[in-house]
Amino acid sequence: MLEKTFEPQAAEPRLYAQWEESGLFAPRTDGAAEAYSIVIPPPNVTGSLHIGHALNNTLQDVLARYHRMKGKAVLWLPGTDHAGIATQMVVERQLAAAGNVGRRDMGRDAFIEKIWEWKAESGGTIVRQLRRLGASCDWSRERFTLDEGLNAAVRKVFVQLHKEGLIYRDKRLVNWDPHFQTAISDLEVEQREVDGAYWHFAYPLADGVTYQHPIAFDEDGKATEFETRDFIVVATTRPETMLGDTGVAVHPDDERYAGLVGKFVTLPITGRCIPIVADDYADPTKGSGAVKITPAHDFNDFGVGKRAGLPSLNILDAFGRITDVDTPDVPADYVGQDRFAARKAIVARAEEKGWLREIEKTKHVVPHGDRSGVVIEPWLTDQWYVDAKVLAQPALKAVEQGDTVFEPKSYEKIYFEWLRNIEPWCISRQLWWGHRIPAWYGPNGEIYVAETEEDAREQAMADYDSEVALTQDEDVLDTWFSSALWPFSTMGWPEKTEDLERFYPTSDLVTAADIIFFWVARMMMMGQHFMGEVPFKRVIINGLVRDEKGQKMSKSKGNVIDPLGIIDELGADPLRFTMAILSGTRDIKLSKQRIEGYRNFGTKLWNAARFSQMNEARRVKGFDPATVEQTINRWIRGELTKAERAVSEAIEGGRFDDAAGALYRFVWNVFCDWYLELAKPVFQGADEAAKAETRAMTAWTLDQTLKLLHPVMPFITEELWAELGREGPARDGLLIGAEWPVLPDAFIDASAEAEIGWLVDLVGEIRGLRAEMNVPPSAKPPLAFVAPDAVTVERIARHRDLILTLGRVSEVGSADAAPTGAVTFVSGGSTIALSLAGIIDLTAERARLEKEIAAFDSDIGHVNKKLGNPNFVSRAAPEVVDEQRAKLAEAEAGKVKLQAALARLASL
């Protein structure tokens, strides 16, 4: 007999060990089996399991377990990312905490050795945590983006792209982190809203030029009054960048400045003479309409500078300090100052000299390094780039013609938008941990790109008469570069391996929307360029997990849900089921209470299995569900078949929420609430043949249910599979390796469905009416069918006892008309009367309903007032507005229901 409750803390480690030992995580070796493959989005080796990982990996595991049970050769390939900047930061902090020397004092080789030591000791944390979630990856194939096999793939790709002219070195703007002294990707930039200011500076016009500037306007916006000016006003949130200004831009159609285009201003402090240029970037409606242009320190200004032919002058060093390398006209007292100290000094100088015209306080968004926390600088520096525009064209075409599809399809728009406007991809990073760039420099600055230093030396021999010293590039590659090769490099490329032949291209990719362009698009580009075909046939985009109010989870808000804490307390299955059933929305609102609710779902299943055992429902060798005769057994067979169809189609379609919803409805509402209730009289009855058939059918249905539920809730289903297998014929093996049920259409029996459907609907209507009319649970009012037809009379006779028990009524009869004091309703085409006279206090009930309707009216009025306020709708957070709309809909529905109940009372 099953224990009273399932204990996940004890069972889950034991069950996972059984799965691993079984070898079933690895693909079937049967060459005839259809292949299904999926590569894990590699989590950072420094990471710990967060709620986003829990969602993403649950969905992948559902796919892997489902297709494995469908008899396919499933490869779910796991691995971790070396996470260049994150890992380097972790180890540097550890060294500092231990009082050791820094990495620069230690030297590159010694520091890299320390990181490998750290990885050996601590780098497997998230892999162990994925096991706790139940991830059925083939751990024997686990990869690491910095292992030797992937290193060889990265070098080959770099060298080949360089030979093809698709990798090159250039001086361009990058996101520069002054703390780590490295370029970082857009994904590593966090936009934070901060208090700041626009400082309005008057730049004097050069050569004695003046112009008439409008200062008053009529109702039509036409200038009516002017003043003579010998300056032009610009505004900036970063005054220190003015030291690098090389122009001022105005809009070509801005009449105020039309006569100034081609003239010059004298840059305060430096005395540099810079031109006024026309460019569409300048917005006449913002500020003065004139914009200072600093091409070396602003991405938009860089574009203006390119179009206008303005020079790019770098005024910052790698640490964010003022430098005069490009700008010898910068006064010496600014050189060496931190950028923010220079800002204060420049503002003070402007105020002192009179060219500070206004300080406009504002809140604005400023980019910060997500790891360092410091303000990121657009910085002009020499870096390695990929010509992404060329590589993007086949990737665009593949999705346009359906070689790869996105689910939901709407996410294709993000993919297309980025690829059609793609910029060169900066792939070099000024770090030590990562794939070192396979480029060597000769004594005269020549660059030799090769897979090995030996190959580079051979190239150098063509330029020199004798062997010369070569120096390898100090930089490493962007982590996303190696990740872009993940679908094929993990399978052994550039070697021609069996895994590549069998499992590439992969079947599905499950990932988040925020890395469609950072990762998905780049895998598409690299996969097509090096493999000649797309890396995956379908991309399933999962949503973002937020808190129950729709707010983003953050430690500072204290609203983070720790999946490991949930697993410790409630087990992995409730978390997994919650992730699946909520996965159909872009923003998943999650609370611990919801997870606890689905823990109760598991408990319901466990109790159903215990009930089945107590009633001797055990598996029977040779049992054939096609031969059952009892109506309830033919009915549950059909309901199970419909559930199997719904679950299979939903998983195949990547609609995990629909799959989980279908499972929930079948297990809770159909099997537990109805079938087992309907089976009780049979179990307790004297008809031995009916009893034996129903016991066998119950056991068979429970077995199929465990199979259907296993991909979503693997632990409790595997435990029940083992426990229920102790009776009846021996199991063939673990549930993870069982065959997915494919049930024939013939199992759906229309007559049984109509018969039991009639009963279920009737009892449901009775229960709903009792709740609506506030009938006490102990009360058993009489029920009468009004002028029933012959078919209904026969059904009443067959199911009278069940109607009495399940509907909690004292009698089931028939009448020519509804009795006095009865409430009528319609079910199954019949009019039915439930006599409530003397059972409920009509006056008190009417007063209760009117009071509750008034409360709903109050709520509706209050919410409507909020939603009718344009200021509230425009200024409140979207999740707050959505919450109020949901509250309004709930109140309106509740009011309608109570009004219907009040109308029923009026008829008594």
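Biologist: How many residues does helix 20 have, and how far does it reach from its first C-alpha to its last?

Modeller: Helices here are DSSP runs of H or I with at least four residues, and strands are runs of E with at least two, numbered from the N terminus. Helix 20 covers residues 631-652. The expected span is 1.5 Å times one less than the number of residues. That gives 32 Å expected, and helix 20, with 22 residues, reaches close to that: 32 Å.

Biologist: What are the ground rules for this model?

Modeller: This is a predicted model, where local features need pLDDT of at least 70, side-chain atom pairs count only at pLDDT 80 or more, and totals for chains, interfaces and linings use all residues. Residues are numbered from 1 along each chain as its sequence is written, and side-chain values use heavy atoms, with hydrogens and water left out.

Biologist: Where is Asp749, and is it buried or exposed?

Modeller: Asp749 sits in the loop between helix 23 (714-724) and helix 24 (750-772). Its relative accessible area is 18%, so Asp749 counts as buried.

Biologist: Which side chain does the side chain of Asp749 meet in a polar contact?

Modeller: A polar contact is a pair of N or O atoms within 3.5 Å; within protein, one must be able to donate a hydrogen and the other to accept it, and residues adjacent in sequence count only if both atoms are side-chain atoms. The Asp749 side chain also reaches the backbone nitrogen of Ala752 at 3.0 Å. Its side-chain partner, at 2.8 Å, is Arg634.

Biologist: How many residues of helix 23 are buried?

Modeller: Among them are Phe715, Trp721 and Leu724. Their cover includes helix 1 (8-22) and helix 22 (688-709). Helix 23 is mostly covered, with the buried count at nine of eleven.

Terms used
Buried < 20%, exposed > 50% of the residue type's maximum accessible area, 1.4 Å probe, protein only. Contact = heavy atoms within 4.5 Å.
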